[in-house]
Amino acid sequence: MIKKPRGTRDFTSEEMQKRAYVEGRIRQTFMNFGYREIETPTFENLELFTAKSGDTIIEELYSFKDKSDRKLALRPELTAPVIRFYVEKLQMKPKPLKLFYFGNCYRYDRPQKGRYREFKQAGCEIIGVDTPEAYAELIALAYKILEEVGLKNIKLSIGNLSILSKFYEKLKITKDKQKYLNPLIDKNLFNDLKSALRDFNISEQEVKNFLELLQTSDIKKIYAYLKGDGELKEELDKLQKIMNLLKNSFDIKNFDLKMSIVRGLDYYTGIVFEIEAPVLGAEKQLCGGGAYELIGLLGGTDTSTAGFAIGFDRAILALESEGYNFPVEKLDGYVVPVNANMLVDSLKIAQMLREKNVKIDVDLMRRGIGNSLKYASSIRASKAIIIGPKEIEKNSVTVRDMKTGKQKIVKIKDIDKEFA
Ligand code: HAM
């Protein structure tokens with residue numbers, strides 16, 4: 001038996017029904033916020049992903065050479081592809097450009113619950129604007145999408161990478177050392193971080209300040225730490241405005257300021273944010289995003305960019321864990337010919353109803369009424385349409401309500417009214 005590759009999944013029709021339902025709601029919310037859908041290829045030139053992160057990222061990618069020796073990679077995410085598309089084709093479009101997408105992504109991760117090698121993201125990018133209201137709207141969109149799909153318990157945290165970078169600069173912590181420290185910060189391993197900072201000869205007072213900055217959610221304290229730095233005061237003022245807008249315009253009050261958000265990808269610059277679903281345990285991060293810089297690197301004319309992506313599979317897992325009641329896919333009717341002589345009329349009636357947008361299936365196995373009705377209830381048909389010779393003679397059929405078992409004779413020309 002040939003099995004599916006490690007870290008991939010098959011989806012049953014029941015699962016697909018849930019996924020299609022959630023995708024529909026996410027799509028609607030993106031559109032309600034003025035975003036438009038785009039699509040990019042599943043594979044790109046490898047260089048697109050190494051341009052910012054260097055060759056070390058290759059270990060985390062599915063990369064390969066094609067038959068003409070081109071170096072390619074399955075996309076690990078869609079931000080770099082969308083910006084590549086923007087630089088190639090969309091630069092002249094009116095700003096702000098609000099784009100959203102759904103797409104499968106591929107990462108050579110160690111698979112576990114909620115972490116796959118093939119997974120789906122629902123994300124967006126906003127290009128050409130960097131006002132506090134643009135960022136507030138972006139963060140609110142991520143939050144509202146997750147609320148709108150039906151999640152009850154989500155946790156939004158907002159940070160700012162310029163502030164973290166400034167602290168690194170102050171403490172003269174090099175990029176290499178940052179690469180070592182960031183994962184410790186990301187995982188909130190503050191004791192390990194303390195030891196590492198001491199190893200880097202950072203004074204006790206500075207270590208204390210740094211740890212407090214990373215752990216406080218009080219903006220006044222952060223203002224106090226950054227006293228005297230005009231550039232950062234501007235960043236903090238902007239952060240304050242974004243938080244006020246979230247509360248006052250979008251009615252989002254449940255969030256934290258978190259300077260320990262480092263984000264895994266190398267292109268982020270200023271404001272960053274993450275949304276978690278605590279119910280998911282280890283892989284609880286549902287959404288991540290922020291402001292980033294990629295346009296210049298990819299050969300375009302620089303302008304502001306920000307966005308986020310929601311882990312679609314994790315959103316479904318979180319809904320399931322919260323016991324969300326997904327709507328169940330039903331069939332409107334199941335057509336049952338009582339014998340083979342009734343097949344022509346049965347198929348004809350089924351077709352007539354389908355053309356009126358009624359969801360209809362028909363017995364294709366020539367089984368008796370009993371077995372057909374059993375099958376009809378197993379596929380959750382609301383009604384059975386029984387086609388027998390006596391009724392057909394009178395241009396009629398029998399319609400049976402599958403729930404109550406009640407039956408009635410209905411004229412063929414009136415059957416569609418049974419499904420109105
Ligand atoms: P990311 O945080 O790497 O950001 O991924 C976004 C979301 O994708 C995560 O929060 C998580 O829910 C989901 N995810 C990531 N890896 C896996 C995996 N192996 N299995 C299942 N789900 C996963 C980005 O990708 C950025 N491009 C987001 C962005 C858009 N930033 C700006 N614009």
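Modeller: A surface patch here is built from residues that have over 30% relative accessible area and no salt bridge; like charges are joined within 9 Å, and nonpolar side chains (Val, Leu, Ile, Met, Phe, Trp, Tyr) within 5 Å. A salt bridge is a side-chain nitrogen of Lys or Arg within 4 Å of a carboxyl oxygen of Asp or Glu. Accessible areas come from the Shrake-Rupley method with a 1.4 Å probe, and for residues only the protein chains shown count as cover.

The model is predicted, with local features needing pLDDT of at least 70 and side-chain atom pairs pLDDT 80 or more, while totals for chains, interfaces and linings use all residues. Residues are numbered from 1 along each chain as its sequence is written, and side-chain values use heavy atoms, with hydrogens and water left out.

L347, L364 and M365 make a nonpolar patch of about 350 Å². L364 sits in the loop between β13 (360-362) and α13 (369-378); helices (H or I, at least four residues) and strands (E, at least two) are DSSP runs numbered from the N terminus. With a relative accessible area of 68%, L364 is exposed, where exposed means over 50%, buried under 20% and partly exposed in between (1.4 Å probe, protein chains only).

Next, the charged residues. K253 lies in the loop between α10 (230-248) and β8 (255-257) and is exposed at 55% relative accessibility. The side chain of K253 makes a polar contact with the side chain of D251 at 2.5 Å. A polar contact is a pair of N or O atoms within 3.5 Å; within protein, one must be able to donate a hydrogen and the other to accept it, and residues adjacent in sequence count only if both atoms are side-chain atoms.

Side chains of opposite charge can pair when their charged atoms come close. The structure holds 26 salt bridges. One of them joins R198 to E204, with the closest N and O atoms 2.8 Å apart; R198 is partly exposed at 39% relative accessibility, and E204 is partly exposed at 47%. E418 pairs with K408, the closest N and O atoms being 3.3 Å apart. This pair links distant parts of the chain, ten residues apart, with E418 in the segment after β16 (407-411) and K408 in strand β16. K408 counts as partly exposed at 44% relative accessibility. K413 and D414 meet in a salt bridge of 3.4 Å, N to O; K413 is exposed at 63%, whereas D414 is partly exposed at 21%. Elsewhere, salt bridges with shared partners join E23, R27, E37 and K120 into one network.

Now the ligand. The ligand is surrounded by 26 residues, of which E77, T79, E125, Y268 and Q285 are the closest; a residue belongs to this shell if one of its heavy atoms lies within 4 Å of the ligand. A side-chain N or O atom of E125 is 2.8 Å from a ligand nitrogen, and a backbone N or O atom of Q285 is 2.7 Å from a ligand oxygen. A polar backbone atom of C287 is 3.5 Å from an oxygen atom of the ligand. The protein covers 95% of the 650 Å² of accessible area that the ligand has on its own. Strand β10 gives the largest share of the shell, six residues.
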